[in-house]
Amino acid sequence: MTNPTRTLGTTSPLTVSALGLGCMGMSDFYGTPDEAGGIATIHRALDLGVTFLDTADMYGPFTNEQLVGKAIAGRRDEVQLATKFGIDRAPDGTRRGVNGSPEYVRAACDASLQRLGVDHVDLYYQHRVDPSVPIEETVGAMKELVEAGKVRHLGLSEASAETIRRAHAVHPITALQTEYSLFTRDLEDTILPTLRELGIGLVPYSPLGRGILTGTVGAEGFGSDDSRGSAYFPRFQGDNLATNLGLVDQIRALADRHGCTPGQLALAWVLAQGDDVVPIPGTKRVAYLEENAAARDIALSAEDLAALDAAVPRDAVAGDRYGDMSSIDA
């Protein structure tokens, strides 16, 4: 197993591990939180050269940053640390909305640094675009954080091509985080070309389609403590789930030929989309982390990529990625 790196961005470049680790599920949304398992998974990730860690203040809320901070204590120099602000949640988890005001940017960053136990983060994302605040004002405040040494590089999440251009004119944007996988490819139309024109890296979240591409999701779906079982994720509901599991069977057949799991093949596909692409599959289990990390060593030929495109046509996936797409900048 190798430990390759990739560079996000050209104007404000950040070199990270070629595969990152999404830490959200250790604390929120996907079943019972598991701090001990999460910390063990992060430690194993660092040992495997998966050193690009992704969290956000709203995960928990707040507890995921604390978990990551505990896990990297004494190993900060090994880590490329990314966190996010902008989805405002109360301590009890209630969502207050999206906030991109300069005052909130500054306060959120200071709070994140304190929870993480660090003096800077390597990559600071606006988690969702606030339509009530001009992006120039939000990124202007983020730029001040760079100048203050609290943040090294800036990112956006789920931003449109137009918003990306406007933000990049204020301060170089190093990376865009957005959903991208064999099941979600709409960004290929305008967003990905814009990123490459401007020299901005892509950080795909949910590169395993929230777990469905691993081949471990069954027709029974999820329990009540897992948000994927809710109407907020239409792809896991009823006939949609049945259709999508059929697509996973097609991926499984191709994976069998490679001697790998469906999830590993799906990750290898994302990694093959360009050296400016760094997926961040999330897990709270060491075994799944190790499985994901092994995907770095799977080399796909042009014929392999064509076979995957044929197995999962872009328009074949049933259901929107979110039941409510109103928070996605369009």
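Analyst: Happy to! Let us begin with burial: a residue is buried under 20% relative accessible area, exposed over 50%, and partly exposed in between, with a 1.4 Å probe and protein chains only. By that rule, 59% of the 330 residues of the protein chain count as buried. Please keep in mind that this is a predicted model, where local features need pLDDT of at least 70, side-chain atom pairs count only at pLDDT 80 or more, and totals for chains, interfaces and linings use all residues. Residues are numbered from 1 along each chain as its sequence is written, and side-chain values use heavy atoms, with hydrogens and water left out.

User: What makes the radius of gyration of the protein chain agree with a compact globule?

Analyst: The rule is 2.2 Å times the number of residues to the power 0.38, with the radius taken over C-alpha atoms. For 330 residues a compact globule would come near 20 Å, and the protein chain has 19 Å, so the two agree. The C-alpha atoms fill a box of roughly 50 × 40 × 40 Å along the principal axes.

User: How many helices and strands does the protein chain have?

Analyst: There are 10 helices and 11 strands. These are DSSP runs numbered from the N terminus: helices are H or I with at least four residues, strands are E with at least two.

User: What share of the contacts in the protein chain comes from residues 24 or more positions apart?

Analyst: A contact means heavy atoms within 4.5 Å. Among contacts with a separation of 6 or more, 77% are between residues 24 or more positions apart.

User: Why is Thr163 called buried?

Analyst: Thr163 has 7% relative accessibility, so it counts as buried. Thr163 sits in helix H5 (residues 161–170). Beyond its neighbours within four places in sequence, Thr163 is in contact with Val129, Ile135, Leu156 and Asp329.

User: And Val139, is it buried or exposed?

Analyst: Buried, because its relative accessible area is 0%. Val139 belongs to helix H4 (residues 135–147). Leaving out residues up to four places away in sequence, Val139 touches Leu154, Ala167, Val170 and His171.

User: How many aromatic pairs are there?

Analyst: The count is 5. Rings of Phe, Tyr and Trp (its six-membered ring) pair if their centres lie within 6.5 Å; planes under 30 degrees apart are stacked, over 60 edge-to-face, and the rest tilted. One of the pairs is Tyr180 with Trp269, 5.5 Å centre to centre and with 55° between the planes, which is tilted.

User: Why does that pair tie together parts of the chain that are 89 residues apart in sequence?

Analyst: Tyr180 lies in the loop between strand S10 (173–179) and helix H6 (191–198), while Trp269 lies in helix H8 (residues 262–271), so the pair bridges that separation. Tyr180 counts as buried because it has 1% relative accessibility, and Trp269 counts as buried at 1% too.

User: Why is the pair of Tyr232 and Tyr322 called tilted?

Analyst: The ring centres of Tyr232 and Tyr322 are 5.3 Å apart and the planes stand at 45°, so the pair is tilted. Tyr232 is in the loop between strand S11 (201–205) and helix H7 (238–258), and Tyr322 is in the segment after helix H10 (302–311), 90 residues apart. Ring pairs link Tyr232, Phe233 and Tyr322 into a cluster.

User: How do you know that Tyr232 is partly exposed?

Analyst: Its relative accessible area is 31%, so Tyr232 counts as partly exposed. Tyr322, with 6%, is buried.
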